[in-house]
Amino acid sequence: MVLRTAHTGSQLRPSMSALGPTAALLWASNGRPREDGLARTLRTLRAALAAYVDAADPRASHARPPAIIADAVSRYWGVKTAPVSATHAGVADIDTNADTDTKVDERVEKKVDQRTVRRWIDEVTAHASTLDVVDRLVGRMPQPSGIRGDIVTGARLRVDRWPPDDRIERVASAVRRHSRFVPAGADATAVIEMLRSAVARRIRIDYFDESAHGDLLRHFDQRYHQHWEASTSLPMRAVIAADSAADAVGARRTRAVVATVTHTMLHLFVEAERPEHDTWREAIADWESGQAGLALLAAPSRRIKRHRSTAVTYDHLAEAERRITAESRRVSALHPPHRVRGPRSIEPEALLAMANGVRAMSRDHRRSAVEEYFAARAAIAETSFGEDRDLLVVLADQSIHLDLLELRDPALLAFARRVASSMSRHPARWAYEILDLRNFMMLHKGDGDFRKALELQGHAYVRVHYLLDRYRDLGHGRRITEVHQQVALAASGFFIHLAEAYLRTPSPIPGHVLRTAELALDWCATAGDELGVLERTGLPGERHLDGHIASASWRVQTRVMTVRARMLAHIAERLTTPDQPARRHSLAVIEPAYRELLGLSELRAGSGPSIVSLAIWWGLLDGGRVPVERHIAPALRRLWFIDGDPTRLGDSTATFAELRLGPATEWLIERGEDAGVVHELPARSRSWRLLDRTSGGAYGAWRREQAHADLPSNRPLR
């Protein structure tokens with residue numbers, strides 16, 4: 001009954017006399033409680049039930065098969081699932097040919113009353129096979145001389161952070177000793193990731209299996225599962241806010257039960273036995289799949305010459321095409337087919353103008369404009385205007401597909417791709433189709449599903465790599481270079497968002513953040529290399545003027561991403577060595593790139609939010625001061641709060657000035673923006689404490705003010 005009592009949150013104070021020899025499962029010989037005592041108890045009960053099924057007389061107990069009896073007792077004790085009442089334990093029926101580890105296959109309406117279930121419990125506990133197993137397992141353990149502490153239940157432990165940092169290596173070594181499945185090359189942190197993944201699978205799929213466990217499952221997801229996933233080497237999704245219902249009546253008991261169950265399962269999987277093996281295999285396969293995707297993008301491609309041999313083959317390209325086609329079909333099934341109004345004839349020039357007009361529209365007006373575009377596009381779906389004018393249709397389709405991202409509608413993206421496929425024979429479409437993959441990746445990344453985003457980014461990478469290797473020096477080489485530049489920039493964006501996802505966790509692992517930020521920098525370098533190639537022939541002020549998608553604004557895009565990645569690397573390095581200044585990614589190293597960005601003549605008003613966000617980051621990291629430039633870009637001259645004096649911005653000889661945090665924040669809020677990840681760090685997390693320290697305490701005050709007011713007051717950072 002100890003396991004049931006612990007896993008239902010009831011008072012747990014058993015005596016040695018009541019437990020007898022089984023006390024050795026819970027206390028060591030010196031009388032101290034075993035941290036893995038409940039896991040040992042669960043294993044012993046599971047082995048006893050299996051022995052009972054093998055040895056019990058199937059003709060006894062009113063013809064109820066031993067497997068059914070064992071299943072009911074298991075559910076009551078909390079062995080296979082979280083404990084249920086005696087009445088509910090007697091509802092189940094199972095395949096009598098299956099072993100006791102098989103989940104219930106059928107449920108019957110006829111319930112077994114509580115007295116019958118309790119009689120079954122007595123029968124199982126008194127059966128000779130059960131007693132033999134317990135004697136065999138417990139007999140090998142030294143008996144405690146006395147009790148010197150309560151049973152470890154997990155209720156008073158930080159189970160979400162188990163094992164603590166100083167025990168990670170020891171726990172990982174124990175996992176390796178007991179599990180033959182763990183990949184040889186996995187480091188200790190990776191082993192803990194796999195352990196948590198296996199535990200989450202068992203708890204979510206098997207243990208909290210009844211409708212009565214709904215509150216427990218929800219609390220586990222919010223308190224443990226989401227945070228574990230968000231802090232792995234490849235988060236599956238972003239952490240969402242906890243449900244306020246968790247603070248309702250019974251919350252204390254729910255927290256205690258979930259903490260104890262999680263603690264038990266962690267120790268159960270450290271020394272995994274056969275019932276845990278399949279779950280371990282699934283968790284490891286999931287980890288290896290993610291690592292394979294990261295490995296593919298861990299060495300950014302630079303400019304690839306024609307005929308240079310690569311690891312990417314035509315089979316990779318075919319697989320990438322198959323995946324994007326399957327993805328389009330999957331998401332298109334989520335909603336009814338897009339409704340297109342009656343056709344009207346349109347010329348390619350007018351269609352491209354219509355597509356370009358969509359980008360300037362707000363989200364509220366964009367959907368209706370897109371519907372008009374598709375209506376016009378349907379009228380020319382089977383029409384060819386010649387290769388030169390067909391290019392205008394290809395450019396329009398590519399533009400629309402990107403602009404649809406703001407609507408966050410995967411079915412609409414899939415529909416747009418099907419529309420564009422009518423031009424699949426045009427050479428330009430061969431290249432721009434890769435950007436459809438990039439757009440799907442950005443959609444999943446925005447939803448916090450980094451694993452799906454990584455898969456799509458990987459497919460985009462192998463496609464562009466294939467085209468670069470074979471066609472770069474041919475007639476459409478510039479177009480392929482454009483696509484490579486954008487795919488590289490998207491990869492940098494993926495790793496930037498991944499690094500920011502780490503920072504949003506209460507205890508980010510600095511090594512994860514730093515490695516990811518540096519990967520983002522590597523991909524920014526690749527994007528910068530390709531931008532340099534495009535600049536040799538000149539970049540027009542606006543896209544499409546020369547029949548290509550590149551424009552001078554790409555200089556801004558690439559530099560913004562580079563500075564953002566560098567500042568994330570700076571934060572990561574400071575987290576790694578909090579008592580020492582950053583060296584590889586110090587602000588002094590970042591400053592030239594930041595100043596170059598401030599002076600870019602290509603900056604437009606639309607770049608303002610990105611620049612203001614970076615200025616806030618810098619101010620919080622540098623005690624409230626930010627770099628200022630005498631020759632600042634004209635588009636930034638109205639952002640007077642960057643140095644506090646609207647009459648002198650850009651004319652001062654000072655190299656640094658005080659950031660006006662209040663007006664800067666208010667300016668962003670008025671435009672529906674915020675300062676990005678620094679606006680979302682968990683209270684009292686490592687990242688929060690770092691920024692509060694580097695800003696002289698202003699960061700905490702700023703965040704608290706934001707939590708209690710719609711707009712911040714107009715005050716300086718210091």
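Arg-684 is exposed, with a relative accessible area of 66%, where exposed means over 50%, buried under 20% and partly exposed in between (1.4 Å probe, protein chains only). The model is predicted: local features need pLDDT of at least 70 and side-chain atom pairs count only at pLDDT 80 or more, while totals for chains, interfaces and linings use all residues. Residues are numbered from 1 along each chain as its sequence is written, and side-chain values use heavy atoms, with hydrogens and water left out.

Arg-684 sits in the loop between helix H25 (661–670) and H26; helices (H or I, at least four residues) and strands (E, at least two) are DSSP runs numbered from the N terminus. Although Arg-684 is not a glycine, its phi is positive, about 65°. Most residues other than glycine have a negative phi, and most peptide bonds are trans.

Helix H26 covers residues 686–694, and its buried residues are Ser-687, Trp-688, Leu-690, Leu-691 and Thr-694. These residues lie on the same side of H26, because they cover an arc of only 165° around the axis, the arc being that of the directions from the helix axis to the C-beta atoms. An α-helix has 3.6 residues a turn, so residues three or four places apart point the same way. After H26 comes Gly-696, which has a positive phi near 70°.

Two other backbone features are found in loops. Arg-408, in the loop between helix H16 (387–403) and helix H17 (410–420), has a positive phi near 55° and is a residue other than glycine. Arg-408 counts as partly exposed, at 33% relative accessibility. The peptide bond from Trp-162 to Pro-163 is cis, with omega near 0°, and Pro-163 belongs to the loop between helix H7 (128–139) and helix H8 (168–178).

Next, helix packing. Two packed helices are described by the angle between their axes and the distance between the axes. For H17 and helix H18 (residues 427–446), the axes come within 11 Å and cross at roughly 175°. Here axes are lines fitted to C-alpha atoms, for helices over the stretch in contact, and angles run from 0 to 180 degrees between N-to-C directions. H17 is therefore roughly antiparallel to H18, a term for angles over 145 degrees. On the H17 side the contact (heavy atoms within 4.5 Å) is made by Pro-410, Leu-413, Ala-414, Arg-417 and Ala-420, and on the H18 side by Arg-429, Glu-433, Asp-436, Asn-439, Phe-440 and Leu-443. The residues of this contact divide into six nonpolar, one polar and four charged. In this scheme Ala, Val, Leu, Ile, Met, Phe, Trp, Tyr, Cys and Pro count as nonpolar, Asp, Glu, Lys and Arg as charged, and the others, Gly among them, as polar.

Ala-420 is also touched by Asp-397, along with Tyr-373 and Arg-377, not counting residues up to four places away in sequence. Asp-397 lies in helix H16 and counts as buried at 7% relative accessibility.

Met-194, in helix H9 (residues 188–207), is buried, with 0% relative accessibility. Leaving aside neighbours within four places in sequence, Met-194 is in contact with Val-182, Pro-183, Ala-186, Trp-280, Ala-283, Ile-284 and Trp-287. Met-194 and Glu-288 are 94 residues apart in sequence, yet 9.6 Å apart in space, C-alpha to C-alpha.

For the chain as a whole, there are 27 helices and four strands, and 55% of the 718 residues count as buried. Among contacts between residues at least 6 apart in sequence, 74% join residues at least 24 apart.

Methods
Parallel < 35°, antiparallel > 145°, perpendicular 65-115°, else oblique.
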